[in-house]
Amino acid sequence: CLLVHQGRAHTLALEHLHVLWWAIRSSDTRELLVRWFSGERKPDDLIVRFDPSLAVTLDLALGQGLVVRTPTGGVRLTAAGTGLVSAISSDHTVLTAEREFLAQLP
């Protein structure tokens with residue numbers, strides 16, 4: 001939900017969600033993506049892998065009513081998903097590194 005919340009109108013294309021899913025997993029990949037957006041990129045820097053665990057996570061989020069699929073195949077937060085993001089954001093001890101990383105992205 002935190003990743004989808006980053007998108008315009010709290011919606012992300014599946015491809016963009018894969019990039020964020022890959023990047024958020026470690027401090028190295030988080031740093032690499034921040035460098036990429038700041039213009040300090042190298043052609044061989046960014047190696048994005050499509051992770052099958054994202055499909056499982058999306059299925060769980062869909063089943064819990066946290067996200068919906070858009071007609072174009074994107075993923076959009078529901079009111080319940082937005083509520084979860086608000087709950088996470090209000091607790092400064094939860095997902096701190098991940099939230100700091102997402103705050104650095106455009």
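# Why Is It Called That?

Biologist: Why is Val-85 called buried?
Modeller: Its relative accessible area is 4%. Buried means under 20%, exposed over 50% and partly exposed in between (1.4 Å probe, protein chains only). At 4%, Val-85 falls under the 20% limit, so the word is buried.

Biologist: Before we go on, what kind of model is this?
Modeller: A predicted model, where local features need pLDDT of at least 70, side-chain atom pairs count only at pLDDT 80 or more, and totals for chains, interfaces and linings use all residues. Residues are numbered from 1 along each chain as its sequence is written, and side-chain values use heavy atoms, without hydrogens and water.

Biologist: Thanks! Where is Val-85, and what does it touch?
Modeller: Val-85 is found in helix 5; helices (H or I, at least four residues) and strands (E, at least two) are DSSP runs, numbered from the N terminus. Not counting residues up to four places away in sequence, Val-85 touches Cys-1, Leu-2, His-5 and Leu-77. Contact means heavy atoms within 4.5 Å. For a sense of distance, Val-85 and Pro-106 are 21 residues apart in sequence and 18 Å apart in space, C-alpha to C-alpha.

Biologist: Now two loop residues. What makes Ala-9 count as exposed or buried?
Modeller: Ala-9 has 60% relative accessibility, so it counts as exposed. Ala-9 lies in the loop between helix 1 and strand 1, and its phi is positive, about 55 degrees, although Ala-9 is not a glycine.

Biologist: Where does a glycine with positive phi turn up?
Modeller: Gly-39, which follows helix 3, has a positive phi near 90 degrees.

Biologist: What makes a group of residues a nonpolar core?
Modeller: The set must be buried Ala, Val, Leu, Ile, Met, Phe, Trp, Tyr and Cys residues joined through side-chain atoms within 4.5 Å. The largest such core here has 25 residues, and those with the most contacts inside it are Leu-3, Leu-17, Phe-101, Leu-102 and Leu-105. At least two residues of this core come from each of helix 1 (2-5), helix 2 (14-23), helix 3 (27-37), helix 4 (52-63), strand 3 (75-77), helix 5 (79-90) and helix 6 (96-103). Helix 2 gives the largest share, 5 residues.

Biologist: What does Leu-17 contact?
Modeller: Beyond its neighbours within four places in sequence, Leu-17 is in contact with Leu-3, Val-4, Leu-12, Leu-54, Leu-58 and Val-75. Leu-17 is one of the buried residues of helix 2, together with His-18, Leu-20, Trp-21, Trp-22 and Ala-23. The cover over these buried residues includes helix 1, strand 1 (11-12), helix 3, helix 4, strand 3 and helix 6.

Biologist: How do you know whether His-18 is buried or exposed?
Modeller: Its relative accessibility is 12%, so His-18 counts as buried. Leaving out neighbours within four places in sequence, His-18 contacts Val-48, Phe-50, Asp-51 and Leu-54.

Biologist: Why are helix 2 and helix 3 called oblique?
Modeller: Their axes come within 7 Å and cross at roughly 130 degrees. Axes are lines fitted to C-alpha atoms, for helices over the stretch in contact, with angles from 0 to 180 degrees between N-to-C directions. Under 35 degrees is roughly parallel, over 145 roughly antiparallel, 65 to 115 roughly perpendicular and the rest oblique. Roughly 130 degrees belongs to the rest, so the two helices are oblique to each other. Val-19, Leu-20, Trp-22 and Ala-23 of helix 2 meet Thr-29, Arg-30, Leu-32 and Leu-33 of helix 3.

Biologist: How well buried is Leu-33?
Modeller: Leu-33 has a relative accessible area of 1%, so it is buried. The buried residues of helix 3 are Thr-29, Arg-30, Leu-32, Leu-33 and Val-34, and they pack against helix 2 and helix 6.

Biologist: Last one: which residues of helix 6 are buried, and what puts them on one side?
Modeller: Arg-99, Phe-101 and Leu-102 are buried. They cover an arc of only 160 degrees around the axis, and therefore lie on the same side of helix 6; the arc is that of the directions from the helix axis to the C-beta atoms. Their cover includes helix 1, helix 2, helix 3 and helix 5.
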